[in-house]
Amino acid sequence: MRPSSSIPTPPTASTVSARPYASGPLPLLGHRSTQALFAWRAGRPITVAQFLADVDRLAKLLPDATHLVNACADAYDFTVGLVAAMLRRQVSVLPHNTVRQTLRDLASDYPDATMLCGADAATGTFGRLRAGAADDAPANGQPATLPTLRCPAGHAPIDSASIDSAPIGDAPIGDAPIGQAATGPHAIPSFDPDQLVAILFTSGSTGRPQALPRRWGTIALSAQAEAERLALDPERPCAVLGTGPAQHSYNFESAIWLPMRAGGQLVAEHPFYPADVFEHLARLPMPRMLVTTPVPLRAMLGSTLTPPPATIVMSATAPLPVDLAHAAERLFDATLVEIYGSTETGQVASRCTTRTDVWQTLPGVRLIQRGETTLAAEGHVGAPTALSDRIALIDAEHFHLLGRHADLVKVAGKRGSLRAIEQHLLDLPGVRDAAVLAGDDGHDAVARLTGFVVAPSLTAAQITRRLRDRLDPAFIPRPLIFVDELPRDGNGKLPRQRLVDLARQWADARSGRVGQNHVEPGRVRPGRDRPSRDRPGLVGPGGTRREGKR
């Protein structure tokens with residue numbers, strides 16, 4: 001994968017054009033038979049025929065609308081809902097989270113939408129939003145509602161009228177649970193490449209989440225390019241287990257559409273804790289792939305449990321240190337592959353981290369340079385789209401990743417990278433997770449660095465002393481704020497505003513402006529002088545501490 005020593009001139013925007021989609025409809029699946037395996041749920045197989053039957057049944061029950069908000073946590077239910085919406089030519093809106101403000105915004109932005117969620121979804125979270133209370137009222141003062149369908153269910157079918165009048169959480173989608181009792185033949189459908197399939201959202205790590213549409217041609221060609229890069233063998237279909245929610249771009253592409261288009265099998269569950277990941281992975285046949293991110297991967301590497309082998313371990317959302325990549329390959333007896341991309345572009349490039357530090361674009365994709373901005377174009381990306389990272393091009397298909405433009409900070413007249421500082425923190429023994437926030441003091445955009453660490457066995461003095469051996473004193477974060485967990489989203493990303501809120505919470509507690517009982521329990525520990533005596537354990541997406549299974 002190393003480029004030639006003769007480096008061509010990087011292309012400019014005028015030399016690159018978007019490649020059109022293949023002419024004619026593109027098939028939904030890459031499976032060669034409806035009797036082939038399509039998915040796994042609780043260790044039990046689901047065939048293509050069963051999946052298509054579930055899709056057909058749900059499609060007939062969806063109310064007439066333009067949009068379907070797909071909030072299913074179960075990846076199989078999510079996929080049934082996604083394809084059912086495609087058959088009805090409805091656009092699936094994929095929320096980046098399901099907090100009340102997000103649902104309130106969706107109800108306002110997509111007033112005709114119905115929300116699809118799992119049968120185990122809490123009605124308090126997924127329920128209809130009304131303007132009856134001050135904290136529930138949208139900004140315009142008008143009621144914002146999201147009629148909700150529950151999937152799966154074991155009640156009689158419903159129609160659109162009953163959805164609007166039914167109590168929230170009591171609107172089932174059919175007379176048999178999803179994934180059971182397929183009846184009748186179902187052909188694999190094809191779709192026009194220009195059909196709008198989904199609206200995804202950026203993580204909001206650099207501001208308000210932005211809505212980004214995906215068309216069928218883009219989705220299909222992206223999965224095809226990824227399968228080609230991974231050299232997936234259609235004669236030996238691969239089972240793919242993801243550890244993140246399907247609504248996020250990376251999992252949407254690699255844990256849902258990759259196995260669908262490559263003739264493999266997706267997995268309904270997306271486990272978080274190492275013991276659960278290992279258990280679900282062991283249930284799958286070889287070849288099998290684990291699609292994860294650096295945060296849960298670090299937890300797996302720190303577990304005392306022994307995982308089953310895998311064929312490929314995939315990581316994305318943040319660069320993976322080489323030593324971690326080597327450790328993951330040894331642990332899983334697998335090839336570690338990193339994916340680079342963004343919600344705006346989709347996946348762009350890959351690298352085998354233990355073999356090279358050079359990224360190579362996926363088949364059909366090229367990079368172009370416009371001033372200091374690098375753009376991805378052609379292939380499934382289509383028209384030139386700006387990347388938010390600093391990139392050193394080798395040629396149109398190979399590059400070095402230098403970090404995000406927003407990561408550059410100036411401290412005491414010196415320039416540095418937030419990502420590099422975070423990595424030094426993460427490299428310290430005893431630090432489980434870390435982040436650095438740059439705050440502008442209003443004078444020449446000089447940053448004040450605040451560090452956040454999950455390190456129950458260390459003190460601020462110990463961490464600072466160790467950082468002096470690694471960093472210029474100007475880049476050592478002050479203060480260091482100890483937390484039980486960092487408020488990451490389902491893909492491991494940290495929206496900046498969440499760190500700002502944590503820092504404000506810490507400052508208020510430290511100054512006595514609020515009582516300790518007003519600080520979110522178990523989150524911020526201001527002014528720690530001694531190591532925590534908390535037992536080691538993982539903090540899950542909901543903030544619940546759990547020991548690994550033994």
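The chat below goes from the whole chain to one helix, its aromatic neighbours and the core.

Q: How many helices and strands are there, and what share of the residues is buried?
A: This is a predicted model, and in it the protein has 13 helices and 30 strands. Of the 550 residues in the protein, 54% are buried.

Q: Let's look at H6. Where is it, and how far does it reach?
A: Helix H6 covers residues 216-230, which is 15 residues, and from its first C-alpha to its last it reaches 21 Å, close to the 21 Å expected at 1.5 Å a residue.

Q: Why call H6 largely enclosed?
A: Because twelve of its 15 residues are buried, H6 is largely enclosed by the rest of the structure. Among the buried ones are Trp216, Gly217, Thr218 and Ile219, as well as Glu226 and Leu230.

Q: And what does the backbone do just after H6?
A: Just after H6 comes Ala231, which takes a positive phi of about 55 degrees.

Q: Switching to rings, how many aromatic pairs are there?
A: The structure holds twelve aromatic pairs. One of them is formed by Trp216 and Trp257, a tilted pair with 5.1 Å centre to centre and 55 degrees between the planes.

Q: Which parts does that pair tie together?
A: Trp216 lies in helix H6 and Trp257 in helix H7 (residues 249-261), so the pair ties together parts that are 41 residues apart in sequence.

Q: Are those two tryptophans buried or exposed?
A: Trp216 has 0% relative accessibility and therefore counts as buried, and Trp257, at 1% relative accessibility, counts as buried too.

Q: Which residues do ring pairs link into a cluster with them?
A: The cluster linked by ring pairs consists of Phe78, Phe191, Trp216, Phe252 and Trp257.

Q: What does Phe252 touch?
A: Leaving out residues up to four places away in sequence, Phe252 touches Phe78, Leu82, Leu94, Ala198, Leu200, Arg214, Ile219, Ala246 and Trp257.

Q: How many residues has the largest nonpolar core, and which have the most contacts inside it?
A: The largest nonpolar core has 42 residues, and those with the most contacts inside it are Leu28, Phe38, Phe51, Trp216, Phe252, Trp257 and Met260. At least two residues of this core come from each of strand S2 (37-41), helix H1 (48-61), H2, strand S9 (196-201), H6 and H7. The largest share, nine residues, is supplied by H2.

Q: OK, so what can you say about Val80?
A: Val80 has its place in helix H2, and at 0% relative accessibility it counts as buried. Val80 and Phe51 are 29 residues apart in sequence, while in space their C-alpha atoms are 7.0 Å apart.

Q: And Asp77, where does it lie, and is it buried or exposed?
A: Asp77 lies in helix H2, residues 75-87, and with a relative accessibility of 2% it counts as buried. The side chain of Asp77 is joined to that of Arg41 by a polar contact of 2.8 Å.

Q: Last topic, how many disulfides?
A: The count comes to zero disulfides, going by a cut-off of 2.5 Å between cysteine sulfur atoms.

Q: Then what about Cys72 and Cys238, buried or exposed?
A: Cys72 is buried, with a relative accessible area of 1%, and Cys238 is buried as well, with a relative accessible area of 10%.

Conventions. Residues are numbered from 1 along each chain as its sequence is written. This is a predicted model: local features need pLDDT of at least 70, side-chain atom pairs count only at pLDDT 80 or more; totals for chains, interfaces and linings use all residues. Side-chain values use heavy atoms; hydrogens and water are left out. Helices (H or I, at least four residues) and strands (E, at least two) are DSSP runs, numbered from the N terminus. The expected span of a helix is 1.5 Å times one less than its number of residues. Buried means under 20% relative accessible area, exposed over 50%, partly exposed in between (1.4 Å probe, protein chains only). Rings of Phe, Tyr and Trp (its six-membered ring) pair if their centres lie within 6.5 Å; planes under 30 degrees apart count as stacked, over 60 as edge-to-face and the rest as tilted. A polar contact is a pair of N or O atoms within 3.5 Å; within protein, one must be able to donate a hydrogen and the other to accept it, and residues adjacent in sequence count only if both atoms are side-chain atoms. A nonpolar core is a set of buried Ala, Val, Leu, Ile, Met, Phe, Trp, Tyr and Cys residues joined through side-chain atoms within 4.5 Å. Contact means heavy atoms within 4.5 Å.
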